[in-house]
Amino acid sequence: MSVPDYMQCAEDHQTVLVVVQPVGNVPEDQFFKTYKRIASVSQVTIRDSQRLLYIRYRHHYLPENNEWGDFQTHRKVVGLIAITTCSQTKDWSQTADSFNGQKEVYGSTLYDSRLLVFGLQGEIAEQQRTDMAFYPSFEDSSDVEKRVEDFVESIFIVLESKRLDRATDKSGDKTPLLCVPFEKKDFVGLDTDSRHYKKRCQGRIRKHVGDLCLQAGMLQDALVHYHMAVEFLRGVNDFLWLGAALEGLCSASVILHYPGGTAGKTGGRKQSISQPADAGKRHRPGAQEVLIDPGALTASGISADTSTEIGRAKNCLSPEDIIEKYKEAISYYGKYKNAGVIELEACVKAVRVLAIQKRAREASEFLQNAVYINLGQLSEEEKIQRYSILSELYELIGFHRKSAFFKRVAAMQCVAPTIPEPGWRACYKLLLETLPGYSLSLDPKDFSKGTHRGWAAVQMRLLHELVYASRRMGNPGLSVRHLSFLLQTMLDFLSDQEKKEVTQSLENYTSKCPGGMEVIILPNGLKLLPVPFTKLPIVRSVKLLNLPGSLRPHKVKGLLGQNMSSASPFIYSPIIMHSRGDERCKKIDFQWVQGDVCEVQLMVYNPMPYELRVENMGLLTSGVEFESLPAALSLPAESGLYPVTLVGVPRTAGNITVKGYHTSVFGVSSDCLLEGLTGVKASGCLVEVIPSLPRLQLSTSLPRSAHMPQLMSKEELSSTVSVQLFNGETQQLTITLENIGSDNIETLELTSKIVSTKEKVFGEFLSWQLEDALSHLPLKPGQAVTLTIGISVKLDFSSQENLLQDLNDDGISVTGLPISSPLRQVLKPRSETKALSSDSGKAEYSHVKTLEAVMNFKYSGGAGQVEGYYRELSLGVHVDVEPSVFFTRVSTLPATSTRQCHLLLDIFNPTEHELTVSAKNNQDLVLHASECQRMAIQVDKFDFESLPQPDQGAVHFNPKQLEEERQHAQGSQINSKLGICWSIPSLQRQGEASVEGVLNQLVLEHLQLAPLQWDVLVDGKPCDCDVIAICKVGDVVSLEVQLTNRSRNSVGPLALTVVPYQDFQNGVQNYDLEDTVTFIGSNTFYIDTVKSRENTVCVGALLFLYAGDFYLNIKFQDDSAGRELPLAWFTLPSVHIRAVEPPLQAGA
């Protein structure tokens, strides 16, 4: 017997063997369909005896194996069922002959046979024969199973009769010697009369009867006979048959201990309630083998009545003893070279029992023994079968890696060089089955969790074999998938050279069959999931980028967001209605805009030792319609972190989720999802897309600048313009606004803010008129509108002390400053300072000041405006301000009029150009470079009380700020009255010169009109300055003193006394004028209380008696009201009256 049955198990000893074979031309599918129906009758309960007969069916069985039927009866073919098709009567005789020929093959052992004829109708089919059954067709054969049951019962009858014949054999000393095929030649010439020979015959026949009892369902009887056989055979050292007796003893014990069978799930037998009552009994652990009393045997060695032995052998082997007896039996089998198949099958049976007992280590010892059993020359198919069964058995006992090893050996055997037609499909199928044993899964997700499981080197070898096998199968798509899997999951274990070789192979394969993300379904139903290249390149962070500052949408203040409910009466609720899905998605606090290009930044690096080209890299999104704009990139070898920006355009509004990205590397397209990436930092993947908004493009008449205003980031500004101006100069900036979007611009607002806070700015820095631009709204796509911006710079340069070193040495001393100030110095010539060329010198003379502002254009339109969104476009304005002229000293001199004064200005030209200064009603002043000159301007005093007062509430009653605003208003009024301008003819530049920054409190007081305004009128004509009132001697001269109270408080009562005098212009004044000037009435005027903003008039009269020049000195009497007020409030104009003689009348 050369071909082992690897599916053998211990309970097969209880079965009878029936061969089912086709006769003639039977369709293969119909044959196996019928065979399956026949095999379903695997156990039959025998009527009357209530015993079970188990049947084992085979459709192929070697006749040489049948020759071992006496050694173990379950190997003997006792039944034959032939299946044939016969449609015509003329073919019947040939069919019958074929059936008879088939019976002759197994004729020596057959108990009974049946022929199932399909398709034959007529007279022959109507004959009633027990050994044949006729059916019109395969479909019309409902009672096949019933026929098989009857057939099995007939086998049982023969089996039972043979058992009884053997058990009650009274042939005396002529007990036959049962032999295995290879023993027959060894027993020629033996002494058949010796005691040794007789005991051998008795032991073998006992063992044979035990087999028959086991098949007939009499387990206890079988145990008794096996025990007796063991005693006989052990005594005569008949090791081969002793091993068979021990194996039979083990089989019977296994059947009692494990009624469900040891063949596993596929081969397990059904438990039947019709089993003998003692079949369910179990031997208690540690029970010993029951020894048979030799006295119970008859002279022939076989007792006719075995009831006594049965009573003494009710217990079977314990589970531990079963394995020991198996070991002993196998050791006996090993003594015989020709019993290799028997030894191998015994090992397999023992392993199955140990698997149920969960004794994997001992089972592995049996299997290790089975590996080295020599069965002679095996065919390649037999080798494949042997290794496959060893693999299954190792799997059964939990030795997964060992199982995978033998499965892989079987796979390699399928394509051995000695096979003319290698079975690459079978090889591939077996290789797939080895994967679990090597902790290898074809699902790439299993390799992204925790540490790597299994031996990477073995796994890579196995994957390479899968790639090669699939290529030899003619399936390049399968090769691409396995090679992609190898590169993705084993990248960390590949050497640089291996990485290069694998990628080159992959590129060769994908040139014929590109790799994709489709699921590959194998013929056996196994699904090969797609393998995204998440490591080519490796992504470390994903960040959704906000739109550029000029394109970001802003929500109109006061409008509720879409995610807020206005129905709730509560301002704040701690219970925020967020779904868990939103938490997982991490919604971002900025928005994207429909129709605008949106960006996602990935930080990636290339782990490969050479340049990695990634093609067609784009975003994977869900939620809204999204147009991804793929990119191609080339990463240098082992690049380190490298930023990659992926872009796309959302085409609809709503919430968009960035799920991942797609790539094409080495010809393999991959969809890499963020949830499958390990170690990736993601700031969020869900962002709101608002409806579309218009886009505004800004261009200016001034060149763009690289200057960036302080406190402003680059992305917040769309552009920046830069200009250089002299202090006081004004420049026009023309801005063109063009609608480059697809929506109309419906609204436009413009605001500005100075961002450089170091310098104090006088006047408006930026000014514009927006009405003309607004008249062009709505601005359609492609249309443009222009806007003119006035840039006016007025800064205070007087505090820059270094500038004073540039003054000419003309002897002018700056005396209008505090003594402690470093400005009190004799001015140095400019020529000396120009000699400095060091860096420190340059820094010292850097007199340029910087002024920066940001202009914000707020605009909206389209569907986004309906939702309450707008955009802002920011323009930075950077102005470098050079000093033009500034005032080193400001002072005042009184004028002849109380309502005027002289303003003295020391003007310095810090530029390198000749400069002209002009003022209202004044001559032009020409200043050479670095020259200082004084200009005197006669000005009317100012009524500062009439200026609008600052809003105290707006400045929170900050006294310092109030005072600054008040001085600023006063300076502005003075500046506008003076109208000082400068011009540089050589540069054709001009501007205004401001004195606002240099006016101190004393100068302001001198320039301010007194709160009490006094007007003196002589004969109704005001007298002030150098006005001389002319009157005639002897005429009454009216005198009016008018008081206007411009202060905020009431004044008075007051008393004024008018004292006339003469000034001889030599320092002598004559007040003794009683005979020269007389008052009509009193020379004292009394003024009652004058309320704020009211006036009063005192009227008197004078009479000049002599001609001459007279002056009136109006004094205040010393009273309490006068002392409380400043003396400056009581400055009255001097009155000059010239009295002349009246002309002589004619005829007088």
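A residue counts as buried under 20% relative accessible area, as exposed over 50%, and as partly exposed in between. The exercises below concern a predicted model.

**Exercise 1. The chain as a whole**

Task: State how many helices and strands the protein chain has, and what percentage of its residues count as buried.

Solution: 
- Step 1. The secondary structure comes to 26 helices and 46 strands.
- Step 2. The protein chain has 1148 residues, and 49% of them count as buried.
- Step 3. The accessible surface comes to about 56200 Å², and carbon and sulfur atoms account for 50% of that area.
- Step 4. Contacts between residues at least 6 apart in sequence can be sorted by separation: 74% of them join residues at least 24 apart.

**Exercise 2. The surroundings of helix α15**

Task: Determine which residues of α15 are buried and which elements they pack against.

Solution: 
- Step 1. The buried residues of α15 are Trp424, Cys427, Tyr428, Leu430, Leu431, Leu432 and Thr434.
- Step 2. These buried residues pack against the helices α13 (380-396), α14, α16 (456-472) and α17 (476-489), and against β8.
- Step 3. For one of these partners, the geometry can be given: the axes of α14 (residues 400-414) and α15 (residues 424-434) come within 8 Å and cross at roughly 170 degrees.
- Step 4. Angles over 145 degrees count as roughly antiparallel. The two helices α14 and α15 are therefore roughly antiparallel to each other.
- Step 5. On the α14 side, the contact is made by Ala404, Lys407, Arg408, Ala410, Ala411, Met412 and Cys414. On the α15 side, it is made by Ala426, Cys427, Leu430, Leu431, Glu433 and Thr434.
- Step 6. By residue type, the contact divides into 9 nonpolar, 1 polar and 3 charged residues.

**Exercise 3. Two further salt bridges**

Task: For the pair of glutamate 160 and arginine 163 and the pair of glutamate 328 and arginine 234, state where the partners lie in the chain.

Solution: 
- Step 1. Side chains of opposite charge can pair when their charged atoms come close.
- Step 2. In the salt bridge of glutamate 160 with arginine 163, the closest N and O atoms are 2.7 Å apart.
- Step 3. Glutamate 160 and arginine 163 are both in helix α4 (residues 144-167), 3 residues apart, about one turn of the helix. Both of these residues are buried.
- Step 4. In the salt bridge of glutamate 328 with arginine 234, the closest N and O atoms are 2.7 Å apart.
- Step 5. This pair links distant parts of the chain, 94 residues apart: glutamate 328 is in helix α10 (residues 319-333) and arginine 234 in helix α6 (residues 219-235).
- Step 6. Glutamate 328 counts as buried because its relative accessibility is 18%. Arginine 234, at 34% relative accessible area, is partly exposed.
- Step 7. For the model, the count comes to 29 salt bridges.

**Exercise 4. Backbone details in loops**

Task: Locate proline 537 and proline 778, and state whether phenylalanine 666 and serine 930 are buried or exposed.

Solution: 
- Step 1. The peptide bond from leucine 536 to proline 537 is cis, with omega near 0 degrees. Proline 537 is in the loop between β8 (527-528) and β9 (538-544).
- Step 2. Leucine 777 and proline 778 are joined by a cis peptide bond, with omega about -5 degrees. Proline 778 is in the loop between α20 (771-774) and β26 (784-792).
- Step 3. Phenylalanine 666, in the loop between β17 (654-665) and β18 (668-673), has a positive phi, near 55 degrees. With a relative accessible area of 11%, phenylalanine 666 is buried.
- Step 4. Serine 930, in the loop between β32 (925-927) and β33 (932-940), has a positive phi, near 60 degrees. With a relative accessible area of 0%, serine 930 is buried.

Conventions:
Residues are numbered from 1 along each chain as its sequence is written. This is a predicted model: local features need pLDDT of at least 70, side-chain atom pairs count only at pLDDT 80 or more; totals for chains, interfaces and linings use all residues. Side-chain values use heavy atoms; hydrogens and water are left out. Axes are lines fitted to C-alpha atoms, for helices over the stretch in contact, and angles run from 0 to 180 degrees between N-to-C directions. Helices (H or I, at least four residues) and strands (E, at least two) are DSSP runs, numbered from the N terminus. Angles under 35 degrees count as roughly parallel, over 145 as roughly antiparallel, 65 to 115 as roughly perpendicular and the rest as oblique. Contact means heavy atoms within 4.5 Å. Ala, Val, Leu, Ile, Met, Phe, Trp, Tyr, Cys and Pro count as nonpolar, Asp, Glu, Lys and Arg as charged, and the others, Gly among them, as polar. A salt bridge is a side-chain nitrogen of Lys or Arg within 4 Å of a carboxyl oxygen of Asp or Glu. Buried means under 20% relative accessible area, exposed over 50%, partly exposed in between (1.4 Å probe, protein chains only). Accessible areas come from the Shrake-Rupley method with a 1.4 Å probe; for residues, only the protein chains shown count as cover.
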